[in-house]
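Please read this report alongside the sequence and the coordinates shown below.

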Amino acid sequence: MEELRVRRIREGTVIDHIPPGKALKVLSILGISGSEGTVVAVLMNVESRKLGKKDIVKLEGRFLTRDEVDEIALVAPTATINIIRDYEVAEKFSLTLPKVLEGIVRCPNPRCVSNVPGEPVVSRLELVDPERGLYRCHYCGRLVEVSEMEELLLQ
Ligand SMILES: [Zn+2]
């Protein structure tokens, strides 16, 4: 079988082991629509030994901020991030759930003080159970699962 190949990138970021079908969500988190001029390669539903199938995103000349990495961890917890410099992997790390999500995800409780318009309260969710991916709202105590977060991302 012919191997699917995409040009290696010189400088930038490769996000590998994204759960199948989530690559476009990752691009949307990064605010990449294609009109920024960034060279982007997206591979979807590639065979993976680890996941069965996976998506891969390659970004030429683009690096990720801490907040972007945290948001990707919420929708693609299996992803690994490779920083490429001069065609070589300069740094590689897997994602871990952030301990605190501040201003990234809104609390699902509509009556929470962090959802009241005009209140200068920044949403804050704290990781209470890393095994189950469970967070708790700092203000109202509402529990939020990582699987719900995709719908609750603020941006
Ligand atoms: Zn709350």
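## Basis of the description

This is a predicted model, in which local features need pLDDT of at least 70 and side-chain atom pairs count only at pLDDT 80 or more, whereas totals for chains, interfaces and linings use all residues. Residues are numbered from 1 along each chain as its sequence is written, and side-chain values use heavy atoms, with hydrogens and water left out.

## Overall architecture

The protein chain holds three helices and nine strands, where helices (H or I, at least four residues) and strands (E, at least two) are DSSP runs numbered from the N terminus. Read from the N terminus, the order of these elements is β-α-β-β-α-β-β-β-β-β-β-α. Along the principal axes, the C-alpha atoms of the protein chain fill a box of roughly 55 × 30 × 25 Å.

Of the 155 residues in the protein chain, 42% are buried; buried stands for under 20% relative accessible area, exposed for over 50%, and partly exposed for values in between, using a 1.4 Å probe and protein chains only. Taking a contact as heavy atoms within 4.5 Å, 61% of the contacts between residues at least 6 apart in sequence join residues at least 24 apart.

The protein chain is divided into domain 1 (12–94) and domain 2 (100–152), with bounds that come from an automatic or database domain assignment. The C-alpha centres of domain 1 and domain 2 lie 25 Å apart. Seven residues of domain 1 are in contact with seven residues of domain 2, and the two domains bury about 600 Å² between them, 66% of it on carbon and sulfur atoms. Buried area here is the accessible area (1.4 Å probe) that two parts lose on being put together, summed over both.

One salt bridge is counted between domain 1 and domain 2, a salt bridge being a side-chain nitrogen of Lys or Arg within 4 Å of a carboxyl oxygen of Asp or Glu. The side chains of Glu 150 and Lys 22 meet in a salt bridge with an N to O distance of 2.7 Å. On the side of domain 1 that touches domain 2, helix α2 (residues 66–75) gives the most, with five residues. The residues of that side divide into two nonpolar, no polar and five charged, where Ala, Val, Leu, Ile, Met, Phe, Trp, Tyr, Cys and Pro count as nonpolar, Asp, Glu, Lys and Arg as charged, and the others, Gly among them, as polar.

## Salt bridges

The count of salt bridges comes to eight. One of them joins the side chains of Asp 70 and Arg 66, at 3.3 Å from N to O. Asp 70 and Arg 66 are separated by about one helical turn, because they stand four residues apart in helix α2. Asp 70 counts as buried at 9% relative accessibility, whereas Arg 66 counts as exposed at 55%.

Glu 47 and Lys 53 also meet through their side chains in a salt bridge, at 3.2 Å from N to O; Glu 47 is exposed at 58% relative accessibility, while Lys 53 is partly exposed, with a relative accessible area of 36%. Arg 124 forms a salt bridge with Glu 126, their closest N and O atoms being 2.8 Å apart. Arg 124 is partly exposed at 22% relative accessibility, and Glu 126 is partly exposed at 25%. Salt bridges that share partners join Glu 102, Arg 124 and Glu 126 into one network.

## Two residues in their surroundings

Thr 80 lies in strand β4 and is buried, with a relative accessible area of 7%. A polar contact of 3.0 Å joins the side chains of Thr 80 and His 17; a polar contact is a pair of N or O atoms within 3.5 Å, and within protein one must be able to donate a hydrogen and the other to accept it, while residues adjacent in sequence count only if both atoms are side-chain atoms. Neighbours within four places in sequence left aside, Thr 80 is in contact with Val 14, Ile 15, Asp 16, His 17, Phe 93 and Ser 94.

Asp 86 is found in the loop between β4 (80–85) and β5 (88–94), and Asp 86 is exposed, with a relative accessible area of 57%. Not counting residues up to four places away in sequence, Asp 86 touches Arg 10 and Glu 11.
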